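Have a look at the model first, then read on.

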Amino acid sequence: MNYSYLNRMKRLFLIIIIFCGLWSPICAHAVNYQALIITSYGQITVKLNNDTPLHRDNFVKLAREGFYDSLLFHRVISEFVIQAGDPASRHAAPGEKLGQGDPEYTLPSEIIPTRYHKIGVLAAARQDDEANPTRRSSGSQFYITVAVVGRLNGLYTIFGEVIDGQKVADKISRTPRDENDRPKKDVRIKTIKIIEK
């Protein structure tokens with residue numbers, strides 16, 4: 001038996017184990033997430049970005065816990081965005097102003113300079129710069145763009161994009177709304193299902 005060969009193979013095997021221990025993100029199988037947003041107007045499928053892990057993992061966690069179940073799209077603006085994720089919207093009275101609710105935490109921004117507000121991006125809502133100079137994101141509120149919105153580039157964390165169902169988002173954006181941009185007829189998220197790819 002060639003002991004020299006066996007020793008070389010043992011050393012190589014040991015190096016691989018050490019390398020994978022130190023660089024586990026490279027060696028481990030990366031999980032890619034999609035979210036199926038089931039609404040009263042139809043379904044929207046979004047792919048979640050792996051380069052915004054805090055926002056990705058937070059969205060996955062909330063969806064799996066049922067946090068978004070029965071929440072409203074409380075702000076819709078044609079040629080701009082549709083927005084949801086305010087927990088106060090679940091039992092809101094008709095006409096009640098919404099948009100201030102959250103899960104009592106925010107997330108550090110994960111703004112990627114090369115990501116732009118094209119049609120169909122999924123991004124985190126937040127308070128304006130005056131109240132929030134570090135641009136921390138809402139812990140739960142998100143929006144989907146229904147137009148190219150260049151003025152938002154570099155200001156909000158984009159953490160996903162629509163891969164199917166953009167027509168549903170467009171339809172939601174065109175629903176009649178009140179002076180606070182809330183749909184006059186409730187548009188509800190039935191549930192969000194997380195899919196691992």
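**Rings and their neighbours**

F142 counts as buried, because its relative accessibility is 0% (buried means under 20% relative accessible area, with a 1.4 Å probe and protein chains only). Keep in mind that this is a predicted model, where local features need pLDDT of at least 70, side-chain atom pairs count only at pLDDT 80 or more, and totals for chains, interfaces and linings use all residues. Residues are numbered from 1 along each chain as its sequence is written, and side-chain values use heavy atoms, leaving out hydrogens and water.

**Ring pairs**
- The whole structure holds seven aromatic pairs (Phe, Tyr or six-membered Trp rings with centres within 6.5 Å; planes over 60 degrees apart count as edge-to-face).
- F59 and F142 are one of them: their ring centres are 5.6 Å apart and their planes sit at 85°, so the pair is edge-to-face.
- F59 is in helix α3 (residues 53-64) and F142 in strand β8 (residues 142-145), so the pair ties together parts 83 residues apart in sequence (helices are DSSP runs of H or I, at least four residues, and strands are runs of E, at least two, numbered from the N terminus).
- F59 is buried too, at 2% relative accessibility.
- Ring pairs also join F59, F67, Y68, F73, F142 and F159 into a cluster.

**Around Y143 and Y156**
- Y143 and Y156 pair up edge-to-face, 5.9 Å centre to centre with 85° between the planes.
- Y143 lies in strand β8 and Y156 in the loop between β8 and β9 (158-164), so this pair ties together parts 13 residues apart in sequence.
- Y143 is buried, with a relative accessible area of 4%.

**Charges over rings**
- R126 has its charged end over the ring of Y156, 4.3 Å from the centre (NZ of Lys or CZ of Arg within 6 Å of the ring centre and within 35 degrees of the ring normal).
- K171 has its charged end over the ring of Y41, 5.2 Å from the centre.

Definitions and conventions: Phe/Tyr/Trp six-rings, centres within 6.5 Å; stacked < 30°, edge-to-face > 60°. Buried < 20%, exposed > 50% of the residue type's maximum accessible area, 1.4 Å probe, protein only.
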